[in-house]
Amino acid sequence: MTTFKTLGQFIIEKQADFPYAKGELSRLLRDIGIAAKVVNREVNKAGLVDILGDAGQINVQGEGQKKLDVYADEQFIRALQSGGECCVVASEEHELPVDIDSELSRNAKYIVCIDPLDGSSNIDVNVSVGTIFSIYRRDSLGGRPTLKDILQKGDKQVAAGYIVYGSSTMLVYTTGKGVNGFTLDPSIGEFCLSHPEIRVPAMGQIYSVNEGNYSKFSDGVKKYIKYCQENDAPSQRPYTSRYIGSLVADIHRNLLLGGIFIYPATRTHPNGKLRLMYECNPIAFIIEQAGGRATDGCMRILDIEPGSLHQRSACFMGSTGMVAAIEHFLDAER
Ligand code: AHG
Ligand code: MN
Ligand code: MN
Ligand code: MN
């Protein structure tokens with residue numbers, strides 16, 4: 001008989017890595033896992049129920065919200081509210097932090113930043129979407145948490161992860177001691193350990209970028225893309241181009257196979273498009289924990305001091321050898 005370890009069992013075992021832990025982080029991760037199953041259920045039957053299409057509101061990013069953006073946001077916030085381990089949530093879908101001021105969470109010490117549904121443009125056409133989360137410990141004591149409590153640099157994350165609602169649904173997370181992946185077994189409704197200790201290969205043959213933006217990229221980025229396309233047998237070029245348009249799905253593939261994901265600054269998006277607090281930081285933490293690298297072109301993503309909740313950052317992340325190669329092109333243009 002095949003034995004498998006559920007996410008719940010794994011989390012409890014791993015608590016031993018943190019001898020002074022009281023189980024709060026474990027419970028928080030469990031709550032996120034539960035909300036992920038609820039969202040997964042809705043994503044799976046999306047074409048059958050009235051949950052596709054626009055919600056009719058514009059979020060703080062200026063994007064039209066999809067019904068599933070709103071639904072996923074509600075589910076994760078509700079799970080965090082009823083779990084009692086989180087004092088405040090920063091979500092892509094809310095301009096301001098959502099304060100969780102309940103009896104249960106009055107002294108909660110964790111802060112969650114979340115992209116409830118990543119890959120909105122893919123929702124209506126049955127292409128993989130995801131969820132990204134990032135967890136910080138609250139530094140200040142007493143009173144309600146402030147924006148300053150949330151705006152910590154990525155290096156201070158205590159855990160981060162993503163869920164990819166793909167051909168199967170997976171939850172991948174790190175608490176700073178490597179990266180582990182769990183596949184949802186729908187027959188028993190449990191995430192089961194399927195990808196222990198994920199390592200991103202030091203070199204890959206996949207580059208992922210929205211090439212429709214090519215004319216808006218800097219010379220260094222343009223030259224790197226041409227480099228990826230050149231014939232050079234010893235370095236196994238040309239590389240393969242793969243771009244889904246859901247950060248989670250693009251990163252998940254490159255994490256397993258090796259590759260680089262880039263979303264550079266452009267004229268229309270001078271700081272890139274992806275959001276630092278709930279897209280770049282959690283993904284950068286996971287990639288580094290898997291042995292890869294993540295930079296904004298000048299510095300390590302995890303060292304960026306955030307100035308605002310929804311700030312954007314350029315990003316270049318993935319296999320170390322490939323990130324080093326693009327840095328060479330970026331340095332040459334400075
Ligand atoms: P979200 O759906 O959470 O707003 O994120 C969209 C992001 C990300 O998933 C993806 O990598 C990127 O936008 C795609 O942007 P382009 O369509 O500009 O390539
Ligand atoms: Mn996103
Ligand atoms: Mn989103
Ligand atoms: Mn969005």
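Which residues of the largest nonpolar core touch the most other members? This is a predicted model, in which local features need pLDDT of at least 70, side-chain atom pairs count only at pLDDT 80 or more, and totals for chains, interfaces and linings use all residues. Residues are numbered from 1 along each chain as its sequence is written, while chains are lettered from A and ligands numbered from 1 in the order in which they are written.

The core has 92 residues, and Cys86, Val112 and Ile283 touch the most other members. A nonpolar core here is a set of buried Ala, Val, Leu, Ile, Met, Phe, Trp, Tyr and Cys residues joined through C-beta atoms within 7 Å. Buried means 20 or more other C-beta atoms within 10 Å of a residue's own; exposed means 12 or fewer, partly exposed is in between, and C-beta atoms are placed from the backbone. Helix H7 (residues 276–289) gives the largest share of this core, nine residues. Helices (H or I, at least four residues) and strands (E, at least two) are DSSP runs, numbered from the N terminus. Leaving out residues up to four places away in sequence, Val112 touches Leu80, Cys86, Val89, Phe133 and Ile135. Contact means C-beta atoms, placed from the backbone, within 7 Å.

Now the sheet. Eight strands form an open sheet in the order E4-E3-E5-E6-E7-E8-E9-E10, with mixed pairing. Strand E4 (98–99) and strand E10 (190–195) stand at the edges; each has a single partner strand, so one side of each is left without a neighbour in the sheet. Two strands pair if DSSP finds at least two bridges between them.

E6 is largely enclosed by the rest of the structure, because eight of its nine residues are buried. Seven bridges join E6 to E5, and the two run antiparallel. Ile114 has Phe133 in E6 as its bridge partner. E6 also pairs with E7 in the antiparallel sense, over seven bridges. There, Val129 stands opposite Tyr165 in E7. Further along, strand E8 (residues 169–174) and strand E9 (residues 179–185) run antiparallel, joined by five bridges. Leu171 is partnered by Phe182 in E9.

Helices pack on this sheet. H7 touches E3, E5, E6, strand E7 (159–165), E8 and E9, and its direction makes about 85 degrees with that of E6. Helix H3 (residues 67–83) lies across strand E3 (86–91), E4, E5 and E6, running at about 155 degrees to E5. Axes are lines fitted to C-alpha atoms, for helices over the stretch in contact, and angles run from 0 to 180 degrees between N-to-C directions.

Two bridges join E1 to strand E2 (residues 64–66), in antiparallel fashion. Gly64 in E2 is the bridge partner of Ile58. The two strands form a hairpin with five residues between them, and Gly62 in the turn has a positive phi of about 85 degrees.

Finally, the record. An unreviewed UniProt entry lists Asp118, Gly119, Ser120, Ser121, Asn210, Tyr243 and Lys273 under "binding site". UniProt positions follow the numbering used here, feature names are shortened, and annotations may be inferred rather than shown by experiment. Ser121 lies in the loop between strand E5 (110–118) and strand E6 (129–137). Ser121 counts as partly exposed because it has 13 C-beta neighbours inside 10 Å. Asn210 lies in the loop between strand E11 (206–208) and helix H5 (219–229). Asn210 is also partly exposed, with 15 other C-beta atoms within 10 Å.

Definitions and conventions
Contact = placed C-beta atoms within 7 Å.
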